[in-house]
Amino acid sequence: MPVDPVLLLLDATAQALTLLLVASGLAVTFGLVGVINLAHGELLMAGAYTALALDRAGLGFWAGLALAPLFVGLLGLLLDLLVVRRLRERPLDTLLATWAAALVIRQTVVALFGPASHTIQPPIEGSVLVLGAPYPAYRLLVMALALLVTGLLTWLLFATRVGLMIRGTVADRTLAAASGLAVRRLDAAAFAFGAALAGLAGAATAPLLSIDPQMGLGYLLPAFLAVLVAPAGGPVGTAVGAALVGGGESLVSAFASPVVAQLAVLGGAAVLLRRVAGRRAGRER
Amino acid sequence: MSREPLLPALVFWLVLALLPLWAPGWLLGQLAQHLGYGLLAMSLAYLWGQGGLLSFCQALFFGAGAYAYALAGLGRLPLLPESPALGLLLAVAVPTALAALAGLLLVTARVPTGPAWAVLTLVLGVIGERLAVASPFLGGSNGLAGLPPLALPLPGGPLELVDPLPSFLALLLVAGAVQLALARKIAAPSGSLLRAVREDPLRAAHLGIDPVAVRLRAFMLAAAVAGLGGGLFAAQFGFVAPPLLGLGLSTEVLVWVAVGGRGSPLAALVGALLVKTAEGLLGEWLGAGWPLALGLLLLLVVLLFPQGVFGGLLARLARP
Amino acid sequence: MLEVRGLVAGYHAGAPVVLGVDLELAPGRVLALMGRNGAGKSTLLKAILGLARREAGSIRLDGRGIETRPTEWIVRAGIGFVPQGRGVFPGLTVEQNLRLGGLGHHRPVPPATLYARFPVLAERRDLDASSLSGGEQRQLAIARALAGAPRLLLLDEPSEGIQPSLVDALGATLAALVAAEGIGILLVEQNLELAARLADECLVLEDGRVIDRLPGAVLADEPARIERHLGL
């Protein structure tokens, strides 16, 4: 089968930008708060199921897209209050506890919606001509949303008071507290905000995926790899990481089976990650 | 914990050894399988509790051992004879070799207990599971069935480990030997080295310890123990499938070890036996609620009993 | 007015480093804490701020107990802190450091006011704080703490690692703060000269306890009395 290069490029861009949207919440909780939240995939799933539930309730997709960040943000706040902040000094236990929370969320979804998979219709049908190739309009919308969120994050982080407080806390937590900043409240707010972004991403990508209780891990690993291989912190670094992981997977899958593509990207990212991890460790020394 | 107390271990093994006097056959058969899981739990307790290396893919090595046993037992390996005994050997050798390979990726990352390590173990687990499902050689998602049992060469003719009692006793001996060996290892100088690297890899490096080598050895030892458990499990179960190496089982073993006590292989083993027994009693009744209960259990244990339920107890006994 | 009574504090439960210290610090006064390394001076400062475990004793600010308050509450209540080492936010500019110093406070001091007191910082305002020289970073750390308009300032070894010529200027700056703005300073200092210049009173710590209380004048007039304690 001949491959249309324009379509190939569009697909790779779409996948990279979708992953960017998915990873942006993680970039906040991991990159800024420093919490490795293994329940992040399940928060995304919760966003997707929120969209599904509201769509089924007849409220339509847009209501879901608007409410998912609120609902999942609250879920994140709860997770921070009950679990994450209690384990601040025990990072290994944070991993374990958020992994447990992931299991709890997943099984709650199974209990509420059953183990089967669901789909929802994209709210806008049809396609738009891009560089002469027809492309689904809703995918383009999701791509635009990813760019919007990245822009918003950049603005929040670099042009607002809260952003300055967060950057100060990231740079030196003790000094931030000793300067009068309420670091715990900042943590909670940033964690909840990261969760809200996960909810938004989950709802926005829901019409593009099959929605099932196991989908969380499918979100989590590529998103984590994207954040981890990011050459620099901040939203722009995340964008580069997402381009590497998401775009890479899309390009490989054009020439090989999806399973091979996933494995190749997971393996490739893992190798890249080793280098990045080594470099970061070297820098901290 | 730097030392496994000997007395509770001996009491524990003695009580288990006396079980066949009154326990029904089905319970022994079940316990034999659970002791196979117990080996997996002990391997994780060593890696995580002693080495500080929390692995989200420990079942990968258990499953690799199980598959290695299955392939050799069914005579599916090129150039190698169809032999359960060889299978058991490979059940230890293959996971160890895999761990050496994976270790090059994982352990040599210079922040092994950081986020990179955790995510990499998850990635490994996913890769392993997907490969097993996609590989016709490994039987795909159906797995491999009809495995031959292990046989002990006794003077009066070989004794196949099929019936509950011999299976139970064999597993008891192996698990007991492994537990005591791990306890010795933990108390030995090499155990202190591992803990020194866990506490402060940089300082350990300054003291002339190679943290990468120490961690790699721990990773391989844990894989060998897990693989042995997997091989023995497959020998009794007669069947292997991708869930034996998947993230689901990897998560379960985290629960066992967290509940029992990460610091001590014995406590982790007890955790595995208890949780698996509880699953046998409650699992059917709770149905799909069982995984939910496991998740909540793990959450509560991490928050309230970081040493595990038995780990704290054993630590108190270990104190002079 | 800060009053500490019978303070026991440390980093790990059951292993206190500070073993029952009493002190009081009023605005406009300078109290020097001296002693060898490991005597518990830094831990004492951190315990007052809630950055170390407070196991027993009372800490009162203007008569109100603050032992159980989180760090940011204590800082907002008027106790500024300059930790040992650099004490600046790396990766942020000088101006951002100064703004951050005030962000948690009700009435922050604007950077412009701080620049007037620390002119060199005005020249460096858009540079990354970690690119400044040691002396400049120390000035920035103090200015950052002042951005919250504190009434009391806890300084942990401000002269450590900076050139002797700059120590003099630092002394002048601190003296001016006390004289002009009535700020009280709790000063952990190894540099006897600087301590002698500023301190109204000096506490000597050894193994977590106060073993001597000397009027500030003694530091200047009979340095031998204190040098004995410091093992100089």
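**Close-up views of a three-chain predicted model**

View 1. Helix H6 (161-171) and helix H7 (173-178) of chain A each supply at least two residues of the side of chain A that touches chain C. H6(A) gives the most to this side, with six residues. Helices here are DSSP runs (H or I, at least four residues), numbered from the N terminus. The side of chain A that touches chain C divides into 10 nonpolar, four polar and three charged residues. Ala, Val, Leu, Ile, Met, Phe, Trp, Tyr, Cys and Pro count as nonpolar; Asp, Glu, Lys and Arg count as charged; the others, Gly among them, count as polar.

**View 2. Contacts between chains A and C.** On chain A, 17 residues are in contact (heavy atoms within 4.5 Å). They meet 20 residues of chain C. A salt bridge needs a side-chain nitrogen of Lys or Arg within 4 Å of a carboxyl oxygen of Asp or Glu. Three residue pairs are in polar contact, both residues at pLDDT 80 or more. A polar contact is a pair of N or O atoms within 3.5 Å; within protein, one must be able to donate a hydrogen and the other to accept it, and residues adjacent in sequence count only if both atoms are side-chain atoms.

**View 3. Chain B meets chain A.** Here 39 residues of chain B are in contact with 39 residues of chain A. The area buried is about 3,500 Å², and carbon and sulfur atoms give 81% of it. Of the two pairs of chains in contact, chains A and B share the most contacts. Chain B and chain C do not touch; their nearest C-alpha atoms are 16 Å apart.

**View 4. The salt bridge between chains B and A.** The rule finds one salt bridge across this interface. B:Arg262 pairs with A:Asp93, and the closest N and O atoms are 2.9 Å apart. Three residue pairs are in polar contact between chain B and chain A (both at pLDDT 80 or more). Helices H4 (84-106), H5 (115-134), H10 (247-260) and H12 (289-304) of chain B each supply at least two residues of the side that touches chain A. H5(B) gives the most, with 11 residues. By class, this side of chain B has 31 nonpolar, five polar and three charged residues.

**Notes.** Residues are numbered from 1 along each chain as its sequence is written, and chains are lettered from A and ligands numbered from 1 in the order in which they are written. Local features need pLDDT of at least 70, side-chain atom pairs count only at pLDDT 80 or more, and totals for chains, interfaces and linings use all residues, while side-chain values use heavy atoms, with hydrogens and water left out.

Definitions and conventions. Buried area is the accessible area (1.4 Å probe) that two parts lose on being put together, summed over both.
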